[in-house]
Amino acid sequence: MAKKRHDFTIEQGSTFHKTVTYLAANVPVDLTGYTATLVARHSPSSAVKDLDLSIGSGISIPAPLTGVIEIDLTAAQTAVLDFKKSYYELVIINGAYKKRLLQGRVFLSYGVS
């Protein structure tokens, strides 16, 4: 699977959940031994990180044989987010091997309460 572009929105002050399934030729890829990160920045070259997630900190691989990666943020975590648009990439890592699975923009929908 080549990296794919996918934009998504996080609602400020709400629980956020996203599931990504890594497939190759429509077959789930075994992610046993892999870690994953999701980093979002103001611009692709910015040093400022709007999100910095990793295994145990917003990302999990609950059933490695299924190729599923889950991204979860609590309402308290999204409440403190403060950006309008950010550029992200989701990367899987196994030792020296790194692969960007997804990239795109993440938008923050501001809450009013």
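Which strands each supply at least two residues of the lining of the largest pocket? The legends below begin with this point. The structure is a predicted model, in which local features need pLDDT of at least 70 and side-chain atom pairs count only at pLDDT 80 or more, whereas totals for chains, interfaces and linings use all residues. Residues are numbered from 1 along each chain as its sequence is written, and side-chain values use heavy atoms, with hydrogens and water left out.

**Figure 1. The largest pocket and its lining.** Strands β6 (35-41), β10 (85-94) and β11 (97-109) each supply at least two residues of this lining. Strands (E, at least two residues) and helices (H or I, at least four residues) are DSSP runs, numbered from the N terminus. The volume of the largest pocket is about 190 Å³. The lining consists of Arg 5, Val 39, Arg 41, Ser 43, Pro 44, Tyr 87, Tyr 88, Glu 89, Arg 100, Gln 103 and Gly 104. Divided by class, the lining has 4 nonpolar, 3 polar and 4 charged residues; Ala, Val, Leu, Ile, Met, Phe, Trp, Tyr, Cys and Pro count as nonpolar, Asp, Glu, Lys and Arg as charged, and the others, Gly among them, as polar. On a 1 Å grid over the protein atoms alone, a pocket is an open set of points with protein on both sides within 12 Å along at least five of seven lines, a cavity is a set of points where a 1.4 Å probe fits but cannot get out, and lining residues have an atom within 4 Å of a point. Grid points are joined across faces, edges and corners, and a volume is the space filled by probe spheres set on the points.

**Figure 2. Aromatic pairs.** A pair of aromatic rings is described by the distance of the centres and the angle of the planes. Rings of Phe, Tyr and Trp (its six-membered ring) pair if their centres lie within 6.5 Å; planes under 30 degrees apart count as stacked, over 60 as edge-to-face and the rest as tilted. By this rule the model has 3 aromatic pairs. The pair of Phe 8 and Phe 16 is stacked, because the ring centres are 5.5 Å apart and the planes stand at 25 degrees. Phe 8 counts as buried at 8% relative accessibility, and Phe 16 counts as buried at 9%; buried means under 20% relative accessible area, exposed over 50%, and partly exposed in between (1.4 Å probe, protein chains only). The pair of Tyr 34 and Tyr 97 is edge-to-face, because the ring centres are 6.4 Å apart and the planes stand at 85 degrees. This pair links distant parts of the chain, 63 residues apart: Tyr 34 is in the loop between β5 (27-28) and β6, and Tyr 97 is in strand β11. Tyr 97 has a relative accessible area of 39% and is partly exposed. One aromatic cluster is formed by Phe 8, Phe 16 and Tyr 88.

**Figure 3. Salt bridges.** Side chains of opposite charge can pair when their charged atoms come close. A salt bridge is a side-chain nitrogen of Lys or Arg within 4 Å of a carboxyl oxygen of Asp or Glu, and the structure holds 4 of them. In the bridge between Lys 49 and Asp 52, the closest N and O atoms are 3.4 Å apart. Lys 49 is partly exposed, with a relative accessible area of 41%, and Asp 52 is partly exposed at 46%. Arg 100 and Glu 89 form another bridge, with the closest N and O atoms 3.2 Å apart. This pair links distant parts of the chain, 11 residues apart, with Arg 100 in strand β11 and Glu 89 in strand β10. Arg 100 counts as partly exposed at 35% relative accessibility, as does Glu 89 at 33%. Salt bridges that share partners join Arg 5, Asp 7 and Arg 105 into one network. Asp 7 is partly exposed at 28% relative accessibility, whereas Arg 5 is exposed, with a relative accessible area of 53%.

Figure 4. Leu 23 lies in strand β4 (residues 23-24) and counts as partly exposed at 29% relative accessibility. Leu 23 and Val 68 are 45 residues apart in sequence and 9.1 Å apart in space, C-alpha to C-alpha. Thr 66 is placed in the loop between β8 (58-60) and β9 (68-73).
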